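Here are my notes on the structure, in numbered points.

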Amino acid sequence: MNLNITGYFIYLSITIFIILRVGKICYKNGNIFVAELIPEAKIYLQLTALSLIPMVCSSSIKEYLQGLEDTFFANASILVVNIFNVVVTYVLMFGKFGFPEMGVKGAAIAMSLSRLFYFLSLVFYFHYKHTLHFKFKIFSYVLMAWKNAG
């Protein structure tokens with residue numbers, strides 16, 4: 001038997017098992033227990049919505065660095081940022097070290113801070129390690145057309 005087919009079969013079996021197991025936990029006797037979490041999820045998504053912009057930008061920078069075969073800093077900073085996120089989430093959610101207990105709002109703030117921290121660390125690293133030279137030919141064409149028109 002082909003090992004690729006066996007691997008796919010095992011992967012598919014594990015995935016189906018996990019889906020059924022989670023479905024059994026979330027859906028019991030016709031009631032979905034997740035519905036009571038919707039107001040808190042709404043708060044979380046509203047507070048983390050703006051942090052999607054630095055997350056997308058940092059993902060682009062990370063992929064560019066991987067294209068340059070400069071992967072160590074990007075991957076190491078992910079590890080540091082994840083540890084930072086776990087610690088700050090714990091502190092803000094449960095009100096440790098003198099911070100007020102914030103619950104889901106604290107988790108959202110911690111996630112936003114960690115995304116911003118990751119983006120800034122990649123930008124500073126990229127700025128000091130690499131240089132980019134952009135050539136926008138369309139601007140030169142527009143400039144030439146503007147000069148010829150006047």
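1. A definition is needed before the helix packing. Axes are lines fitted to C-alpha atoms, for helices over the stretch in contact, and the angle between two N-to-C directions runs from 0 to 180 degrees. Note also that this is a predicted model. In it, helix α4 (residues 72-94) packs against helix α5 (residues 104-129) at an angle of about 155 degrees, and the two axes are 8 Å apart. Angles over 145 degrees count as roughly antiparallel, so α4 is roughly antiparallel to α5. The crossing of α4 and α5 is right-handed.

2. From α4 come F73, A74, S77, I78, V80, V81, F84, N85, V88, T89, L92 and M93. From α5 come G106, A107, I109, A110, M111, L113, S114, F117, Y118, S121, L122 and Y125. By type, the residues of this contact of α4 with α5 are 18 nonpolar and 6 polar, with no charged residue.

3. S121 lies in helix α5. Is S121 buried or exposed? S121 counts as buried, because its relative accessibility is 16% and the cut-off for buried is under 20%. Residues up to four places away in sequence aside, S121 touches F73 and S77.

4. Helix α3 also packs on α4. The axes of α3 and α4 come within 8 Å and cross at roughly 145 degrees. On the α3 side the contact uses K62, L65 and Q66, which meet A74, N75 and I78 in α4. The residues of the contact of α3 with α4 divide into 3 nonpolar, 2 polar and 1 charged. A74 and I78 of α4 are also listed in the contact with α5.

5. L65 sits in helix α3 and counts as buried, at 0% relative accessibility. With neighbours within four places in sequence left aside, L65 is in contact with D70, A74, L122, Y125, F126 and H130. As for L122, its C-alpha atom is separated from that of L65 by 9.4 Å, while the two residues are 57 residues apart along the chain.

6. I53 is another α3 residue to check. I53 is in helix α3, and at 55% relative accessibility I53 counts as exposed. The C-alpha atoms of I53 and F119 are separated by 9.5 Å, although these residues are 66 residues apart along the chain.

7. Next, the aromatic rings. How many aromatic pairs does a search of the whole structure find? The search finds 4 aromatic pairs. One of them is Y64 with F126, an edge-to-face pair with 5.6 Å centre to centre and 75 degrees between the planes. This pair links distant parts of the chain, with Y64 in helix α3 (residues 52-67) and F126 in helix α5, 62 residues apart. Y64 is partly exposed, with a relative accessible area of 39%, whereas F126 is buried, at 14%.

8. A further pair is formed by Y90 and F94. The ring centres of Y90 and F94 are 5.7 Å apart and the planes are at 55 degrees, so the pair is tilted. Y90 and F94 are separated by about one helical turn, because they are 4 residues apart in helix α4. Y90 is partly exposed at 42% relative accessible area, and F94 is partly exposed at 46%.

9. Two loop residues have a backbone angle to inspect. E69, in the loop between α3 and α4, has a phi near 60 degrees, a positive value in a residue other than glycine. E69 is exposed, with a relative accessible area of 72%. F97 lies in the loop between α4 and α5 and has a positive phi of about 55 degrees although F97 is not a glycine. F97 is exposed as well, with a relative accessible area of 73%.

10. Last, the chain as a whole. The protein chain has 6 helices and 2 strands, in the order α-β-β-α-α-α-α-α along the sequence. Buried residues make up 19% of its 150 residues. Of the contacts between residues at least 6 apart in sequence, 64% join residues at least 24 apart.

Definitions and conventions: Residues numbered from 1 in each chain as written. Predicted model: local features only at pLDDT ≥ 70, side-chain atom pairs only at ≥ 80, totals over all residues. Heavy atoms only, no water. Parallel < 35°, antiparallel > 145°, perpendicular 65-115°, else oblique. Left-handed = near helix turned anticlockwise from the far one by under 90°. Contact = heavy atoms within 4.5 Å. Nonpolar A, V, L, I, M, F, W, Y, C, P; charged D, E, K, R; others polar. Phe/Tyr/Trp six-rings, centres within 6.5 Å; stacked < 30°, edge-to-face > 60°. Buried < 20%, exposed > 50% of the residue type's maximum accessible area, 1.4 Å probe, protein only.
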